[in-house]
Amino acid sequence: MDSTSTPAAAQSGSQPPPSQLRFTGSGKEYFGIWIINMLLTLLTLGIYSAWATVRNKQYFYGHTVLDGHRFDYLATPMQILKGRLLAVGLFVIYSVVSSYFPLVGALMAFALALLVPWMINQGLKFSMRMTRYRNIRFAFKGRYGEAMVNFVVLPFFSIFTLYLLMPWVLKRIDAYIHSNIRYGDKPVQVQLEGKEYYAAALLVMLLGILVMMLLVLVFSLAGDININPGELASGNMGMLLIFPLYLFVISALQGIYQALIRNHILNNAQIEDVAEFKSNLEPQRYALILATNAAAIVLTAGLAFPWAKVRKVQALAEATQVVVLPGADQVLDTAQQADSSFAEEAANVFDVDISLT
Amino acid sequence: MIRGYFYQPNSSRVQESTARLSDSRVAIYAGDECVYETTPEALSVSAHLPGQASELIFADGARFVPLDTRYRWPFQRRNSALLARLESNLALIVCALVATPVLLYVLLFKLVPTIAVTAVQAMPEAVVEQMGQQSMVLIEQTVLSPSELSGDQQQAVRDLWHETLSQLGLSTDKYRIDLYRSDHFGANAFALPHGQVVVTDELALRLTEHPGALRAILLHEIGHVERMHSVRLASQAAVASIAIAMLVGDMDIVAEVVLGSGSALMDLQFSQNMEWEADNYALQQLERLGYSGEDFAQALESLALLDEEQAQSWLKYLSTHPSVQQRIEHAKNYASSP
């Protein structure tokens, strides 16, 4: 079905039908990009990683199609490289100081905690500004104070509540991130419920405990069967099995939590008059995808990574619909107009993605 | 005529349109109306990616994206598609599959240690001094408590230490010994980069009857200091974590776990090599000073007995020390061969 936004649909009065988000890339194509990225990155001792990142993102953004229009990734490799060099510089100073002067290192870790909110904001700002749909860039307007409260202060205090507060903190973090996103001049609105986060966390914890008990049972049974005193091999086999199994279980649990939370966020988010979102990602299906992805990556020593990533992105796109509202034609890009001003130019010195990943 | 979408600058407005190319002009038509006209020199073409349409970007930010993802513009520069050609070249992909693990190995196991060693040689004395003292403050506060040995017992260890130092001709300003009680370490000795050697009460007690064995252990620890092992480990860890952070870049958590355990293995191998180096240092010095490698073998044997009482067998595989049995054999062979 070729779904394009036609004026006729907009005039019908009632809500237009939702458009399906589609991912048109393939694992085979991406494998080539991925392996060449790896090769060139190794050959250039990491310098090419900036180009690799841009190429990766361009591939995934450009193959994500909504309503007949694709997304664009706009960052240039030089911006990524500058940010990465800055981050590596900071990291080198920190790791040298903390391994040679452990006491000074501990003080420095504290100072870095003050930098964390700024870096998170900067990273979100950058990645939003580098995302474009229909010639309109996204933007992020979060403030330092709020980021400090949500990312540093509240998580720290939740330790003293034995993490009982943590789901509520996670809800605040998601609300902070999403309600500060703008599509051009239109803000995203979200209404998140703490109880959904508690329900998801509780479910994942109970499942985790259940699986752990099952595993202990299976292993003790297996241990009983082969009673060979002084047999080293069985112990080693157990160790070899535990690691992939652990990864498998963690990925599955992660999938359940992420699916529940993603559905909750998208189903309660909208850009007024522009778009409404729908997500119906099935937790058990997504869990199975993530777990088998992890298993495939481990079993193929990493070679299955491109296939796994495409498979995951495809599942996410399949579960997402967007109702494009009539106002979608009237969004203006405020950021681009302000770009010419001198203040923005000065701010652009730090317009880099300050992160290692 | 190429069908596609025309995106207006700084606006979400989109028009279904067609691009018409003539000799030196590109014109975009919506229906019969010309909405944009320019020359190929005044526009740029987006980077070529597999499976994606190649779009025209105009000077004011307007764009035209063809519907046909395989369509390529006649004025598109050839080298803009170079990467895309590499990425879909089967021969190159096969080469990359072979070369990547090899390069990864060379980088992590050859280049990183070399850089680490170079960094160590450039390290000023004052830095090493600071590193040792600060580490000691942390260790002392967390896992050490004052020695409970009698004055005589402590003096015996110190006498042995001073005798060894003067035999080796090493400075007593740099090298010092301290005794501590420690439940964490058990019977053990360790060296700090600035020349401080710590011996636990339990070890000293265990070897009271065998001063030769204790001397061999002290020599092993001096070997760690002389070869700057802890400084090398620290700089190795720093260089490796930077290399891994650069490589992991766009990978998922799973890849991080895989690479992370690779780096842990690398650390393990590195520190095992260091143990062999320190062993060889001790054996060389024992021989030079006219003692026997048997002393060292004896020291290891008495510690191995203790080990068997405590440790679970599989833990040894992951221990930073090479298998004790191998080391005992090595020490004995060293004594017999010239």
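This note sets out numbered points on a predicted model with chains A and B.

1. Overall content of chain A. The secondary structure of chain A amounts to 13 helices and ten strands. Of its 357 residues, 36% count as buried. When contacts between residues at least 6 apart in sequence are considered, 71% of those in chain A join residues at least 24 apart.

2. Overall content of chain B. Chain B holds ten helices and eleven strands. Of the 338 residues of chain B, 31% count as buried. Among its contacts between residues at least 6 apart in sequence, 60% join residues at least 24 apart.

3. The barrel of chain A. Ten strands of chain A close into a barrel, in the order S1-S2-S3-S4-S5-S6-S7-S8-S9-S10, with antiparallel pairing. Neighbouring strands of this sheet are turned against each other by 30° on average, direction ignored. One of the pairings joins strand S3 (residues 69-73) to strand S4 (residues 131-133) of chain A, antiparallel and over three bridges. Within this pairing, A:Asp72 has A:Arg132 in S4(A) as its bridge partner.

4. The open sheet of chain B. Seven strands of chain B form an open sheet in the order S4-S3-S2-S1-S7-S6-S5, and the pairing is antiparallel. Strand S4 (33-38) and strand S5 (43-45) of chain B each have a single partner strand and stand at the edges, so one side of each is left without a neighbour in the sheet. Neighbouring strands here are turned by 30° against each other on average, direction ignored. Inside the sheet, strand S6 (residues 56-58) and strand S7 (residues 63-66) of chain B run antiparallel and are joined by two bridges. B:Ile57 stands opposite B:Arg63 in S7(B).

5. The largest nonpolar core. This core has 42 residues, of which A:Trp34, A:Ile35, A:Ile256 and A:Tyr286 touch the most other members. The elements of chain A that give two or more residues to this core are helix H2 (27-43), helix H3 (49-62), helix H7 (166-179), helix H8 (194-225), helix H9 (232-267), H10 and helix H11 (305-318). The largest share, nine residues, comes from H2(A).

6. Residues up to four places away in sequence aside, A:Ile35 touches B:Ile93, B:Ala96, B:Leu97 and B:Thr100. A second, separate core of 34 residues includes B:Ala216, B:Leu219, B:Leu283 and B:Phe296.

7. Helix H6 of chain A. This helix (residues 144-159) has 16 residues and reaches 22 Å from its first C-alpha to its last, close to the 22 Å expected at 1.5 Å a residue. The buried residues of H6(A) are A:Ala147, A:Asn150 and A:Phe151. An α-helix has 3.6 residues a turn, so residues three or four places apart point the same way. The buried residues of H6(A) pack against helix H5 (102-129) and H7 of chain A.

8. A:Leu164. Is this residue of chain A, A:Leu164, buried or exposed? A:Leu164 has 11 C-beta neighbours inside 10 Å and therefore counts as exposed; the cut-off for that class is 12 or fewer. A:Leu164 is placed in the loop between H6 and H7 of chain A. Its C-alpha atom is separated by 31 Å from that of A:Val218, which is 54 residues apart along the chain.

9. A:Ala296. This residue lies in helix H10 (residues 283-299) of chain A. A:Ala296 counts as partly exposed because it has 17 C-beta neighbours inside 10 Å, whereas 20 or more would be needed for a buried residue. Leaving out residues up to four places away in sequence, A:Ala296 touches A:Ala304 and A:Ala308. The C-alpha atoms of A:Ala296 and A:Arg84 are separated by 30 Å, with the two residues 212 apart along the chain.

Note on methods: Residues numbered from 1 in each chain as written. Chains lettered and ligands numbered in written order. Predicted model: local features only at pLDDT ≥ 70, side-chain atom pairs only at ≥ 80, totals over all residues. Helix = DSSP H or I, 4+ residues; strand = E, 2+ residues; numbered from the N terminus. Contact = placed C-beta atoms within 7 Å. Core = buried A, V, L, I, M, F, W, Y, C linked by C-beta atoms within 7 Å. Expected span 1.5 Å × (residues − 1). Pairing = 2+ DSSP bridges. Axes fitted to C-alpha atoms, helices over the stretch in contact; angles between N-to-C directions.
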